[in-house]
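Welcome! Here is a short tour of one protein chain, from its overall make-up down to a few single residues. Take a look at the sequence and the structure first, then read on.

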Amino acid sequence: MDRKKERQYILQKKDGKNHTFCILPWIHTAVNPNGDVHLCCRKSEPVGNINDETLEEIYNSDRLNEIRTKMVNGDPVKWCEKCYYEDRLIENNSIRQRVNKWAKESIKKGNVIQPFSVDDNTIPTEKVFYNNVDNDWVKIFEDQEVKLKWIDIYYSNICNFACRGCYSLLSTKWYDDEKKLGMEPHGFHSIRFDHPSLKIYDIDYIRYLGGEPFLMKQTEEYIDYLLKTEDIDKKILYYITNGSVFPKKKIVNAWKRIKKLVIMFSVDDYGKYNDYFRHGSDWKILRKNLLKYIDLSKKFDMELRVSTVINIYNVGRLDVLYNWLIEVGIKESNIMFNMLHQPRELCIKNLPIDYKKILIERYKYIDLPYTVKTIILKHLKDKSNIPFNDVVSFTNKLDDIREQTNPVKELRNIMVKTT
Ligand code: SF4
């Protein structure tokens, strides 16, 4: 962390509040396809690797304890800068703030997070930006000791999409493109379901990420395991899917027996615009599968969410997708928007100033929830951290490799003028 940032934190601390505490290192962890273990699903330096140590050893390690101590003391943690950035941009908007609020509501006082004083801030509106705070979850952590309760697991990076905001560690489809871009891509990674260092049998809340979970054999293996245990009704399963593969009947049937099911369907735009950003996607298939999930959600207790990553291509037309989702029956509160920060070439704050002005004007009238608009406007008004030429170059190189043409005409025209 550079000195300027450090000074900023020290100044922040003068108000007597803790600005760095996050509940996640106590109750949660994220395991990447290469075995790296992280504090959360945000891209950061790993705190260990399950090929070197067991998950339990990592959870109890001095490294993790140092991080926890820093958080309790209100000191900055190197890998959590994205949350601090979000906190600086808009009060109470970071994932940190929202998981803290969620955990506070979820865990009885004096049980898990007791001696720590957590900021008592609230979320700006009912329509929570990421909607991590969800009262339905209140019972999940009640009356339980401090231990890993929630794991994000990327069993493999196998994927049939190469979304522009992703990379080879999380999608095998990126391998060739990264080679052509002169990068050193990650190869295929896969963690065995019965990996000896990854005993997740007593963790009740599992979130599957990828890669595409429904292309992974481990997803089915876990269901096979569940069907043999008595604990099946305690499990909360959360799948983040690209929507291209509908799960097998066996999996769907097993879901009817678990405690809670959440399906998070990732869609970034409507129709051909989505297929452009989420390379490999076929809108017709996605549409069909989304409607199947909507149908399924009417038949048994499941929560269907849609997640959209805000980026340079969709920022001017997010209302199209949003209104279509409402029209087909997705609950307004289950449509989540996430701001893309990486790669920086796709981050909206790196758009050129003239286009930002047009967008800022458009956002006065656009039909989107107030919170989403506020956050987008804050980012549009924020300073760029790379020149627009880099943005154009990234888009052009990928377009050439993938033989694609950016369908967002207004942005394409600006890019043409820049080159
Ligand atoms: S502060 Fe943010 S980045 Fe750090 S562990 Fe919490 S949610 Fe993750």
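Of the 419 residues in the protein chain, 37% count as buried. Please keep in mind that this is a predicted model. The chain has 16 helices and eleven strands. Among contacts between residues at least 6 apart in sequence, 74% join residues at least 24 apart.

**The sheet as a whole**

- Nine strands form an open sheet with mixed pairing, and their order is β3-β2-β1-β4-β6-β7-β8-β10-β11.
- The edges are taken by β3 (48-49) and β11 (335-339); each has a single partner strand, so one side of each is left without a neighbour in the sheet.

- An antiparallel pair is formed by β1 (residues 28-31) and β2 (residues 36-38), with two bridges. Here Ala 30 has His 38 in β2 as its bridge partner.
- Strands β4 (residues 150-153) and β6 (residues 205-208) run parallel and are joined by four bridges. In this pair, Trp 150 stands opposite Tyr 205 of β6.
- Four bridges also join β6 to β7, and these strands run parallel. Tyr 208 is found opposite Tyr 239 in β7. To get from β6 to β7, the chain passes through helix α8 (residues 217-228), and this β-α-β crossover is right-handed.
- Next, β7 (residues 236-241) pairs with β8 (residues 260-266) in the parallel sense over six bridges. Tyr 238 stands opposite Val 262 in β8.
- On to β10 (residues 303-310): it pairs with β8 in the parallel sense, over five bridges.

**The nonpolar core**

- Which residues touch the most other members of the largest nonpolar core? They are Val 31, Ile 310 and Ile 312, in a core of 87 residues.
- Leaving out residues up to four places away in sequence, Ile 310 touches Val 315, Leu 318, Phe 337, Asn 338, Met 339, Leu 340, Ile 348 and Ile 376.
- In soluble globular proteins, nonpolar side chains tend to be buried together.

**Around the ligand**

- The residues surrounding the ligand are Cys 22, Leu 24, Leu 39, Cys 40, Arg 42, Cys 80, Lys 82, Cys 83, Ile 95, Arg 96 and Val 99.
- Sorted by class, this shell has eight nonpolar, three charged and no polar residues.
- Helices α5 (81-89) and α6 (95-106) each supply at least two residues of the shell. The largest share, three residues, comes from α6.

**A closer look at Gly 316**

- Where does Gly 316 sit? Its place is in the loop between β10 and α12 (318-328).
- Is Gly 316 buried, exposed or partly exposed? Gly 316 is partly exposed, because 19 other C-beta atoms lie within 10 Å, while a buried residue needs 20 or more.
- Neighbours within four places in sequence aside, Gly 316 is in contact with Leu 359, Arg 362, Val 408 and Glu 410.
- Gly 316 and Ile 360 are 44 residues apart along the chain, and their C-alpha atoms are separated by 9.5 Å.

Technical notes
Residues numbered from 1 in each chain as written. Predicted model: local features only at pLDDT ≥ 70, side-chain atom pairs only at ≥ 80, totals over all residues. Core = buried A, V, L, I, M, F, W, Y, C linked by C-beta atoms within 7 Å. Buried ≥ 20, exposed ≤ 12 C-beta atoms within 10 Å, placed from the backbone. Contact = placed C-beta atoms within 7 Å. Near = placed C-beta within 6 Å. Nonpolar A, V, L, I, M, F, W, Y, C, P; charged D, E, K, R; others polar. Pairing = 2+ DSSP bridges. Right-handed = clockwise from strand over helix to strand, strands pointing away.
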